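This briefing covers selected local features of one protein model. Please keep the sequence and the 3D view open while reading.

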Amino acid sequence: MNTKPETDIVDLRFGYAAPLFYQITGEKEPKQLDLLDTWFPGLIVKEMESDGTTKTDAEIHDHEFLIYAARYRGKLYTGTSSRVTQTAGRLIGTARGSRDKERKTAELFRKHLAEVLVTDSEALSLLQENTDRKIDIMDQDQLNAFWDELFEFAYDLAETRSETDPYDLMNENAPMDDEVFDGVIYNTIYQLHLRTYEGTVNAFLWLLIGGLLRNETGRLLRMFDSSFRSLHKGYSEHIPLLQKLNILLFPEDYEPVYEGDDFESRFPDITWHCDCCGDTLNDQENFDDHLPYWQCRKCGYLNMISADEIYASEEDYYNGIKDSHSEMMEQAVETRKKEKDR
C-alpha cells in the first residue's frame, strides 16, 4: 500500500499518520483492511468465519456500515471487490481517482463511526485502550523517537497548510474544514506538550481519528476539545493556528493582550464553573467576578474567584497545569481600560 502523499500538499490522512508507528517499531505495516482493523478494531471491519485457507472476497454491508472480510493465511483478504478496495483506500486516504460511489460510501462510514464515538462512551474508551496497548510495546528510546515523529508530523501539517493556497485546499480530495483541522492539530500538540505517556497516546489517537474521520471529527471536537479555547488574546480573537501553537509552546515570548470592551468584568471572557456541580456561575443571578468568593446558587458550594483559579482550558484544569499568565492577563485588561479612557 502506498503511504506517501502523491502531491506537494502534506495532508492529515489516516494512511499518513498510522505509518509513523511502524517507522519506530520496525514492524511491517499491514495492508488496507488489517491496518483499519488494527487501529479501529471491530468498528470498520468485521471478521467472517473462515478456515483460514479459503479465499473469500470481502464485501460491504451498507446497512451496517461495515466491511466483512475473512482471513486467509492470517491476513484479512480483500479479494476481487474493487468497491471494497476503493472504499478502504478512501478511508485510509491513499486512493485516487473519480469513483464517486466509493467516495460517498466512505463518507457514510465516517458519519456512522463519528456517531458511534459520540453516542457510545465505551467505544472511545476502548479505542484509547487499544492505542495504549499498541504503543506500550515501545521502550523509552522508541517512545522518545515516536514523540519527535508525532510532533514533527503535526507541526509540519500546520506549517504546510498555512502556506497552501486556500483554493487548492478547497479543491483537494475530501477537503477538510479549517476549524476541524486546527482543532485536531492543536489538540495533538497540546497532548504532546504535556510530556507524558498518556499525552503521547492521546496525541496519536487525535491524528488517527482526525485523519480517518476528516470533517466528521468536528463532532468529537465539540464534545472533548477544551484545550483549543485559549485564554490568551492576540491581534484578533481568531488567532491563526501557528500563532496558537507558538503561544502554547513558547508562552514566555508572548504577552497577553485584551482587545475587548468589557470593562465592567474583572476577568473579561472568562467563564466560571462551580467546582462542585459544574454549573456556569456567570449565568447565575447577580454574579460578580470582583468578589473574592461566590456561593453557587445551584448547590451552595463556595467558589474562589481569583486569578489563581484561572486555567487556560478545562484540560489544563484536569491535568493540574496552572496558567502562569493569569496575572498578566489582568494587567492587559487594566492597560486596555487606560487606553480607552485617553
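The model is predicted. Its sheet is open and has 3 strands in the order β1-β3-β2, with mixed pairing. The helix pairs are α9 with α10, roughly antiparallel to each other, and α4 with α5, whose axes cross at roughly 55 degrees.

**The three-stranded sheet**

- The edge strands of the sheet are β1 (45-47) and β2 (59-61), each of which pairs on one side only.
- From one strand to the next, the twist averages 35 degrees.
- Strand β3 (residues 66-69) pairs with β1 in the parallel sense, over 3 bridges.
- A hairpin is formed by β2 and β3, with 4 residues between them. In its turn, phenylalanine 65 has a positive phi of about 55 degrees.
- In a regular strand, side chains alternate between the two faces of the sheet.
- In β3, Leu66 and Tyr68 point one way while Ile67 and Ala69 point the other way, and all are buried.

**Helices α9 and α10**

- Two packed helices are described by the angle between their axes and the distance between the axes.
- Helix α9 (residues 178-193) and helix α10 (residues 197-213) have axes that come within 7 Å and cross at roughly 165 degrees.
- Angles over 145 degrees count as roughly antiparallel, and α9 and α10 are therefore roughly antiparallel to each other.
- The crossing of α9 and α10 is left-handed.
- On the α9 side, the contact is made by Val184, Ile185, Asn187, Thr188, Gln191 and Leu192.
- On the α10 side, the contact residues are Glu198, Gly199, Thr200, Asn202, Ala203, Trp206, Leu207 and Gly210.
- By class, the contact of α9 with α10 holds 6 nonpolar, 7 polar and 1 charged residues.

**Helices α4 and α5**

- The axes of helix α4 (residues 82-92) and helix α5 (residues 100-119) come within 8 Å, and they cross at roughly 55 degrees.
- That angle makes α4 oblique to α5.
- The crossing of α4 and α5 is right-handed.
- From α4, the contact takes in Arg83, Gln86, Thr87, Arg90 and Leu91; from α5, Lys101, Glu102, Arg103, Thr105, Ala106, Phe109 and Arg110.
- By class, the contact of α4 with α5 has 3 nonpolar, 3 polar and 6 charged residues.

**Burial of helix α3**

- In helix α3 (residues 32-39), 8 of the 8 residues are buried, so the helix is largely enclosed by the rest of the structure.
- The buried residues of α3 are Gln32, Leu33, Asp34, Leu35, Leu36, Asp37, Thr38 and Trp39.

**Phenylalanine 263**

- Phenylalanine 263 lies in the loop between α12 (241-249) and β6 (293-295).
- Phenylalanine 263 has 22% relative accessibility and so counts as partly exposed; the cut-off for buried is under 20%.
- Lysine 340 is 77 residues from phenylalanine 263 in sequence, and the two are 9.6 Å apart in space, C-alpha to C-alpha.

Notes: Residues are numbered from 1 along each chain as its sequence is written. This is a predicted model: local features need pLDDT of at least 70, side-chain atom pairs count only at pLDDT 80 or more; totals for chains, interfaces and linings use all residues. Side-chain values use heavy atoms; hydrogens and water are left out. Two strands pair if DSSP finds at least two bridges between them. Helices (H or I, at least four residues) and strands (E, at least two) are DSSP runs, numbered from the N terminus. Axes are lines fitted to C-alpha atoms, for helices over the stretch in contact, and angles run from 0 to 180 degrees between N-to-C directions. Angles under 35 degrees count as roughly parallel, over 145 as roughly antiparallel, 65 to 115 as roughly perpendicular and the rest as oblique. A crossing is left-handed if the near helix is turned anticlockwise from the far one by less than a right angle, and right-handed if clockwise. Contact means heavy atoms within 4.5 Å. Ala, Val, Leu, Ile, Met, Phe, Trp, Tyr, Cys and Pro count as nonpolar, Asp, Glu, Lys and Arg as charged, and the others, Gly among them, as polar. Buried means under 20% relative accessible area, exposed over 50%, partly exposed in between (1.4 Å probe, protein chains only).
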